[in-house]
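Have a go at each task before you read the solution.

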Amino acid sequence: MLNKSYYSSLDIMKFVMALLIMLSHTQSEWALDGSSLLHYFLAISNFGVPFFFACSGFLFFSKIKKLEDKEQEMYYRRWSLRVGKMYLAWSLIYFSFILFRWVTEGTTVFAVMAYIHKSIVVSTYPTIWFLPALWLGVSIAYFLYKRTSIANIAILAAFLYLICSLGDSYSNVICQNAFVHKIWSWYMEWFLSFRTALFNGFPFVVVGLLLCHKPNNDSVTRPDSLLFAFFAFLYVVESVIIKTQHLSDYTHSGYMLLPATYFIMKCLIKMQIAPRPIFLELRNLSMIIFLSQRIFLTAIPSVSTLYRLWIESLDPYSTILILDGFILTFSLVMSFLSKRLTFLKILF
């Protein structure tokens with residue numbers, strides 16, 4: 001029987017999700033004109049970040065439940081240090097572009113304070129918000145795991161994600177009430193987003209926690225596949241309703257995304273795919289692609305007018321091909337160099 005401590009299916013899917021997130025960001029930010037069909041297709045990338053959270057939660061707690069109490073604490077600290085170093089490294093990389101712009105174009109005290117505020121409540125840069133949200137989401141789940149039942153944690157996670165969904169994907173509905181609108185506006189002024197560790201990271205980490213404590217059969221069952229298809233379909237319907245009825249500008253916190261993520265994870269965990277070195281490479285590449293994409297999509301355009309104008313002059317599909325080609329090439333080079341320059345492994 002396949003050693004269940006290694007899940008090739010998760011590594012493969014992480015790579016696929018990283019590609020979808022990259023394509024979606026590129027298309028929505030740089031290649032809108034003439035690519036509406038691609039835009040709708042890439043809506044499936046909304047599964048990406050939840051999947052990364054759930055996958056990390058599953059792998060973390062699968063390890064934790066095999067350890068004694070003292071070993072659990074040591075493992076949590078080592079894991080936290082690794083995520084912290086990764087976040088610091090990427091924050092410094094992206095801050096170099098911000099600092100360059102401040103020096104060359106000038107800045108204001110208000111702009112600096114706004115950057116500090118956003119760094120504290122969300123992240124130092126777009127997309128890498130995943131890392132602090134992952135750390136805090138896992139930390140909350142781990143703290144509760146040591147003190148209460150899995151059922152209580154699941155109920156809390158579902159409730160917090162409900163708040164996330166209402167505040168993010170149903171904001172125009174709840175804000176029709178003046179009192180709720182006032183609370184929502186105050187929250188957004190201070191915390192900027194509902195896609196945070198508490199309301200988004202923690203619930204999807206708990207999906208992984210639930211799955212590592214569920215007995216698994218040796219193969220994917222028909223009910224699991226049907227339930228994933230059912231909830232994925234409901235999420236698509238929910239997204240269409242959100243968009244067409246103008247319930248919000250965002251569909252990436254639709255409530256059906258939570259059960260859909262649970263069942264896609266459950267199906268993948270049961271898949272028996274023999275471990276191969278290529279799958280480890282895909283795992284590494286998925287993180288580099290996910291975390292480095294903003295270099296080419298946001299950071300360089302923010303400091304180079306020539307680069308930005310050149311990208312804007314391209315047709316939509318050439319834009320996607322070139323920008324994503326840059327990201328993939330950079331990721332492959334970093335993965336290759338890390339085998340010789342081990343300090344680069346801090347990036348993933």
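The exercises below work through salt bridges, a pocket and a surface patch in this predicted model.

**Exercise 1. Find the parts of the chain that the salt bridge between aspartate 69 and lysine 146 ties together, and classify both residues by accessibility.**

Step 1: Check the contact. The closest N and O atoms of aspartate 69 and lysine 146 are 3.5 Å apart, and the cut-off for a salt bridge is 4 Å.

Step 2: Aspartate 69 sits in helix α4, while lysine 146 is in the loop between α6 and α7 (150–168), so the bridge ties together parts 77 residues apart in sequence.

Step 3: Look at accessibility. Aspartate 69 counts as exposed because its relative accessibility is 53%, and exposed means over 50%. Lysine 146 has a relative accessible area of 31%, so this lysine is partly exposed.

**Exercise 2. Are lysine 266 and aspartate 224 buried or exposed, and where do they sit?**

Step 1: Start with the pairing. The two side chains meet in a salt bridge at 3.5 Å, N to O.

Step 2: Classify them. Both lysine 266 and aspartate 224 are buried, and buried means under 20% relative accessible area.

**Exercise 3. Describe the second largest pocket: its volume, its lining and the elements that contribute.**

Step 1: Get the volume, which is about 880 Å³.

Step 2: List the lining. There are 35 lining residues, and Leu59, Phe60, Tyr75, Arg82 and Arg283 lie nearest the centre of the pocket.

Step 3: Assign them to elements. Two or more residues each come from α1 (8–30), α3 (48–64), α4 (69–105), α6 (130–145), α10 (197–212) and α13 (277–303). The largest share, 7 residues, is from α3.

Step 4: The lining splits into 19 nonpolar, 6 polar and 10 charged residues.

**Exercise 4. Which residues make the nonpolar surface patch of about 430 Å², and how accessible is methionine 113?**

Step 1: Name the members of the patch: Val109, Met113, Ile116 and Ile120.

Step 2: Methionine 113 is found in helix α5 (residues 109–121).

Step 3: Read off its class. Methionine 113 counts as partly exposed because its relative accessibility is 48%.

Methods
Residues numbered from 1 in each chain as written. Predicted model: local features only at pLDDT ≥ 70, side-chain atom pairs only at ≥ 80, totals over all residues. Heavy atoms only, no water. Patch = residues over 30% accessible without salt bridge, like charges linked within 9 Å, V, L, I, M, F, W, Y side chains within 5 Å. Areas by Shrake-Rupley, 256 points an atom, 1.4 Å probe, with all protein chains shown as cover. Helix = DSSP H or I, 4+ residues; strand = E, 2+ residues; numbered from the N terminus. Buried < 20%, exposed > 50% of the residue type's maximum accessible area, 1.4 Å probe, protein only. 1 Å grid on protein atoms, 1.4 Å probe; cavity = no way out; pocket = protein on both sides within 12 Å on 5 of 7 lines; lining within 4 Å. Points joined across faces, edges and corners; volume = space filled by probe spheres on them. Nonpolar A, V, L, I, M, F, W, Y, C, P; charged D, E, K, R; others polar.
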